[in-house]
Amino acid sequence: MTTPRTGRAPLTLHPDRLFPADPTTRDITRKIYQQIVDLPIISPHGHVPVEWLADDIPFTDPTSLLLTPDHYTNRMLHGAGGVELSELGVPVGSEMTPEQSRNAFRKLCENWKYFRGTPVRYWFEQEFYDLFDVRVRPSADTADEIYDQIAAKLATPEYRPRALYQRFNIGAIATTDDPCSDLSGHAKLLADPTWDSKVAPTFRPDAYLEPGRSNWNELTNNLGEVTGVNVDTYAGNLEAMRTRRQYFKEHGAVSSDHSHADAGCERLSDREAEALYAKARQGTIEQADADRLRRHMINDQAKLATEDGLVMTLHPGVYRNHDTQAFERYGADVGGDVPYAIEFTKALQPILDSYGNVDGFQLVVFTMDETVYSRELAPMAGYYRCLFVGAPWWFIDEADAIMRYRRSVTGYAGFYKTSGFIDDTRAFCSIPARHDLARRIDSAFLGGLVAEHRLDMDEAVETAIDIVTTQPRKVFKL
Amino acid sequence: MTTPRTGRAPLTLHPDRLFPADPTTRDITRKIYQQIVDLPIISPHGHVPVEWLADDIPFTDPTSLLLTPDHYTNRMLHGAGGVELSELGVPVGSEMTPEQSRNAFRKLCENWKYFRGTPVRYWFEQEFYDLFDVRVRPSADTADEIYDQIAAKLATPEYRPRALYQRFNIGAIATTDDPCSDLSGHAKLLADPTWDSKVAPTFRPDAYLEPGRSNWNELTNNLGEVTGVNVDTYAGNLEAMRTRRQYFKEHGAVSSDHSHADAGCERLSDREAEALYAKARQGTIEQADADRLRRHMINDQAKLATEDGLVMTLHPGVYRNHDTQAFERYGADVGGDVPYAIEFTKALQPILDSYGNVDGFQLVVFTMDETVYSRELAPMAGYYRCLFVGAPWWFIDEADAIMRYRRSVTGYAGFYKTSGFIDDTRAFCSIPARHDLARRIDSAFLGGLVAEHRLDMDEAVETAIDIVTTQPRKVFKL
Amino acid sequence: MTTPRTGRAPLTLHPDRLFPADPTTRDITRKIYQQIVDLPIISPHGHVPVEWLADDIPFTDPTSLLLTPDHYTNRMLHGAGGVELSELGVPVGSEMTPEQSRNAFRKLCENWKYFRGTPVRYWFEQEFYDLFDVRVRPSADTADEIYDQIAAKLATPEYRPRALYQRFNIGAIATTDDPCSDLSGHAKLLADPTWDSKVAPTFRPDAYLEPGRSNWNELTNNLGEVTGVNVDTYAGNLEAMRTRRQYFKEHGAVSSDHSHADAGCERLSDREAEALYAKARQGTIEQADADRLRRHMINDQAKLATEDGLVMTLHPGVYRNHDTQAFERYGADVGGDVPYAIEFTKALQPILDSYGNVDGFQLVVFTMDETVYSRELAPMAGYYRCLFVGAPWWFIDEADAIMRYRRSVTGYAGFYKTSGFIDDTRAFCSIPARHDLARRIDSAFLGGLVAEHRLDMDEAVETAIDIVTTQPRKVFKL
């Protein structure tokens, strides 16, 4: 299916990219954007390995930095370009020879046309142009030249992780961590007098809350060992969770993150919770009961949040590892995850009803099911103090979807019940481009409101600034 | 969470507000809008108390008129501004001192920024500017001044309900009424030689059609008493319903209105209907059976409509009183209702199949689940003579959603199988702004069709006029 | 409900119709469109009777050509205009007198206003203007004149099917055929030395894959007879299917087409498949089991496709014959079909997982549930090599929906995992207008990307050309 594109064309980066074509709206948009373009990036949810920053390890080659960990790119190279994931160095950590790395990068360039209209292309263009000074469009003919240019840059001190972090003007970033992690990388950064930026771990207990999974007992045993708490009972498990959340908090965590098959959070009676937990520990729990227990455990995570103040974020509704053969060969997070329809109004009622008015409890809900924005999330976020509508996430963090999000949410939740942008990325170098894209679209949306006389200019500018400064800090308690 | 905004800025109202920014489209839009801006308002579904008009009682203060009954506003003050509902005079009828009323209004002004981009702000701007001659933007610093200005106006005869009704240029309005209401307010207006506008009651039997509700037997007893019909059998209940519908019709009603958890309307056999009804009267019906009986009763409401000609309107799919604590403290309709996904294609099949081609039967379906417009309602409305797609309702009666509605419905149902705008409001003074907003967006949509050479100008103007005159009169038999 | 519109106005066809109003974007759009306007039409899925081309039978009158077979038009005349379907010559093949034909056409013209904003109007305008040289807008006053003008044209050799086919610049077209059809029309065309265009039959086995249907045993018997294969076992049925697919392939088929209530394709064990099949043959299968067997049979169709290479297309999620009275009077395909919500992520997993990476297997999924584009289909198509997102189909093949489709799909599947336009029409003369509409919208979408500096002009032009040439040929193996 590949149609390698050859030839040599210039790569440009227009200063007005993503701005509306109408001259009046574009001019207003440009003015709003100018007020926020240089503000520091706040990235409260992502997947950059803390070790990169703690140890400042130089990047070895363009492919392992730009391609291998980025399932956004790999899936399209696989699905449209017909490239095998193994050719791209997947899974992360595979040994690649210099030749293999170069060949993988060539695949990206040869299949460049398949990315037209996608955010992947948009992000790469900005990375290539701004960060690596590339001035030719990727193609079969320019692949080696671009590869060499990036490789040469990566060998310099200006392209080590900490230098890039400064260059990217990141004000705060969060990682995603296993509840039993010792967070040594975070401890190292906290203790480092030369490092003064916020790098917050995030408490991500998904696997520990799925009593139906094959490795759940093993994980739970480990939780017991790490905390020194007896986890033979559900009450013990809860206490162990409380302990680890506290540990995370002491290491700078501001939030816990949760992704399950649904958004349910219905409580069980204490007695039933203990009974199901006992079955799970014996390995005899049925999947339906495991789901019910998981929903109870999620409810308790919310309850713990009312105690310790960690912001709770939900990202439900993804069919993980849809392609089981690829999962068996390459593991998780290689592009084979697919969203499906999700329901929040009924599912979230138990925690909203119980904790929705508790001071300090904050809940941020992310979704790839765009239909819930105007139907469920914005109506609830406009009413419940605790609730914020998460920014478009994963597949939908691109220009048109972000615009649709603002158009769907603003009418009934305004701007101040939304989360601010999160990049959620494993592709470190794409962070500036991703945040910039969101700022451009938010400016365009606000510019449209001004152009249509729905908002005054001073209000639009203040809102744009708030969205990237005070608002994410408030929502994520940063 | 409140960030009171201070300062003093002008409040303006641009004549081109909500019109598209593109100069060509804006110019066309302006011309279309000019043809409809001054046409009388037809408001076939709403919640203004008939007593206001029947007795022409002066309004006491800005808060009890503008804030307390308006859950659109209160929910945002609560959810974004952190204001307690009780501070806003909720529930309606609470005693408020003048100081409390002033403080409540101040909350609105202090939290003005949270309404940016919402229709609430849009409506208030027009009310403040046009109706109360306010020329400063609401803020903590201008709150008292605006409050005093509005209060002074309300004390004059020009701001009594009937005077406002005339000033608003309302041609017809509908209220929403309990089936056992004696409709004395409507009778008074009908008998008043100085009143010549149509104020139609609406038959709203929801609670009487939910045999699973705790107060259903009480309501049903009352239905029997008011009608003098023996309601011990389902046949009797049906006869009592027929009687009350007739009573409403004699008092000017043109429609019945229905809001339940789903849109189902499947018939039972007569025998099963009687059996379930008997159980319900004994208080022993299960919820699933109560739902089945309710769907049968809805089917019979449609059947009665084929006899008496009342237009049937459906507004299903709302989780009422989602925040149970607020419900216990403040009662219903205080902002804690949340939509969810709804299905119409299968659910409505029984009544469309049975009555869809019966002369005179008319069904208007409203939804807050935007996904059904292009997928279910427009395809059905284009085919079934009886069916009209209701205008965007409640959370989605704002600029962007109305535009999405036209873009989703028009392709396969055109303009003439849509209902025309309804305001559905408890906020009397917002009626002109709400209808004006809809007219502006409809003009913008039509203007876009002309600008893209999809419609001739004379057709666009005729359509715009039809939408606010003949079309709602035809759909609601006004 | 009819409001016949009278009068006489010119009918025009603006060269820039459907192009964005913004002058910059319009100019770019025009340039892109100019590159593709004259390229041949590829129509890989439709319902034109092959006999029209094989026998080149002259069309008898405007109504039986333009109205009777076109349920897009008839449903609106029925639903908005209140016209009886029988007045329009429905069902196809009804005897109509010349007077009845004229009267039917008059109904279209009288009710012209009801089509404003719909694609039906758009298509007719282009047909009337371009093909039949009509220069007056349809109305009660111009109906006869237009009718006579079209009738006169139809009597000339230039308006016989083959001449129109050439005039329409059709490069390839597909019909839809019963698995037991002898495809004699296709054989005739293949053998005709004067005919050199591709007219591909399509294998459409729906009814044969629904063991719960009343006529399934009869159809299955016929399948056995036509193939000479013993269909007493499921294995036999599968062999018969394999045989017929091969027969179709030998007659030029490139795809099989499938439309069922859901998109499920879960396999049964061989033993269970045989057991359920035996029950079905005895006429004792329950509907739930019939559905499970159907899903297994669909899975086997995919499996057969990995053998014979026929592209598999799915069009699920339509409630057929919603108006049962109309179905009893007029039969199927008269406008009374309604879409509903559909799920693909979980439903398609079995065949994507089993065959998604098999070379040569290609699956194209069409839907009228727009919510699945960004949530399910684009995420899956971006990853799976075999999967393509079908163009907007049926109710949603109109300007705004096609634009929404591109805006929803492109971000995560790009342009090269979409199917290209299909017209799916029974209205032969609307084919050029339908494809032209899609080309205009695709040009407008690409023009917008260029205007917003998201794509370079040379890339936009190449993409536009690919979309109507190489892309449909690749997706449908034409």
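## A parallel sheet in chain A

In this predicted model, the bridge partner that Ala172(A) finds in S3(A) is Lys198(A). Strand S2 (residues 170–174) of chain A pairs with S3(A) in the parallel sense over 3 bridges, where two strands count as paired if DSSP finds at least two bridges between them, and where strands (E, at least two residues) and helices (H or I, at least four) are DSSP runs numbered from the N terminus.

The open sheet of chain A holds 3 strands in the order S1-S2-S3, with parallel pairing. Strand S1 (41–43) and strand S3 (198–200) of chain A are at the edges with a single partner strand each, so one side of each has no neighbour in the sheet.

Cys265(B) is in no disulfide, and the nearest cysteine sulfur, that of Cys386(B), is 11 Å away. Cys265(B) counts as buried at 1% relative accessibility, where buried means under 20% relative accessible area, exposed over 50%, and partly exposed in between (1.4 Å probe, protein chains only).

## Numbering and basis

Residues are numbered from 1 along each chain as its sequence is written, while chains are lettered from A and ligands numbered from 1 in the order in which they are written. Local features of the predicted model need pLDDT of at least 70, side-chain atom pairs count only at pLDDT 80 or more, and totals for chains, interfaces and linings use all residues, while side-chain values use heavy atoms, with hydrogens and water left out.

Conventions:
Disulfide = S-S within 2.5 Å.
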